[in-house]
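Trainee: Could we go through this model together? I would like to start with a pocket and then turn to a loop residue.

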Amino acid sequence: MSTTQDNAPQAEVLARLAQIIESRLPARGGDPDSSYVARLLHKGPDAFLKKIGEEATEVVLAAKDADHGGDRSKVVYEVADLWFHCMVALAHYGLTPADVIQELARREGTSGIEEKSLRKAVAREAAEGAR
Ligand SMILES: N=c1c2ncn([C@@H]3O[C@H](COP(=O)(O)OP(=O)(O)OP(=O)(O)O)[C@@H](O)[C@H]3O)c2ncn1[C@@H]1O[C@H](COP(=O)(O)O)[C@@H](O)[C@H]1O
């Protein structure tokens, strides 16, 4: 498994892959006969959203297997499949991994517990205001 130190050049893989996926969009002339991505995009959202559901399940199964002494590299393999299919969906909606990274950066430093309690307080205020 890799360490965090060698991750910077690897992060560029996401940007390069996003560009390739974008080039496979029907509007960009992606050819469903020669490209898996173009075929998936050509089939439309039902096809790639179904794949995302399947790949998410594969991640869970690989992780449960790893919990019981199974091969951890299978978790990596399945998460790669999941990320890839999510990237196909992002391209369809005109979005990029950079948009997701920006959202993660926005959340940086805010505990999930803190965020959840803020969200509940806002919902409570809105409900009181509506009365
Ligand atoms: N990263 C990937 C990638 N990851 C997974 N896959 C494909 O995703 C498919 C679905 O995976 P599954 O394990 O579910 O296989 P399956 O049961 O055969 O799938 P389905 O029949 O249900 O589609 C497989 O055909 C994989 O080869 C990928 N196909 C392409 N890429 C990248 O996308 C680029 C462009 O690909 P093309 O558009 O095909 O040229 C490639 O150069 C790669 O960098």
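Predicted model: local features only at pLDDT ≥ 70, side-chain atom pairs only at ≥ 80, totals over all residues.

Trainee: What volume does the second largest pocket have?

Mentor: The volume of the second largest pocket is about 220 Å³.

Trainee: And which residues line it?

Mentor: The lining of the second largest pocket consists of L14, L82, W83, C86, M87, L90, P97, V100, I101 and L104. Two elements, helix 4 (73–92) and helix 5 (97–107), each give two or more residues to that lining.

Trainee: Which element gives the largest share?

Mentor: Helix 4 does, with 5 residues.

Trainee: How many of the lining residues are nonpolar, polar or charged?

Mentor: The lining has 10 nonpolar residues, and no polar or charged ones.

Trainee: Where does the pocket lie relative to domain 1 and domain 2?

Mentor: The second largest pocket lies between them, because domain 1 (10–95) and domain 2 (98–130) both give residues to its lining.

Trainee: Changing topic: where is R28?

Mentor: R28 is in the loop that runs between helix 1 (7–23) and helix 2 (36–43).

Trainee: What does R28 touch, leaving aside residues up to four places away in sequence?

Mentor: On that basis, R28 touches E22 and S23. With E22 there is also a polar contact from side chain to side chain, at 3.4 Å.

Trainee: And how far is R28 from A38 in space?

Mentor: The C-alpha to C-alpha distance between R28 and A38 is 9.7 Å, and the two are 10 residues apart in sequence.

Key
Residues numbered from 1 in each chain as written. Heavy atoms only, no water. 1 Å grid on protein atoms, 1.4 Å probe; cavity = no way out; pocket = protein on both sides within 12 Å on 5 of 7 lines; lining within 4 Å. Points joined across faces, edges and corners; volume = space filled by probe spheres on them. Helix = DSSP H or I, 4+ residues; strand = E, 2+ residues; numbered from the N terminus. Nonpolar A, V, L, I, M, F, W, Y, C, P; charged D, E, K, R; others polar. Domains from an automatic or database assignment. Contact = heavy atoms within 4.5 Å. Polar contact = N/O pair within 3.5 Å; in protein donor to acceptor, adjacent residues only side chain to side chain.
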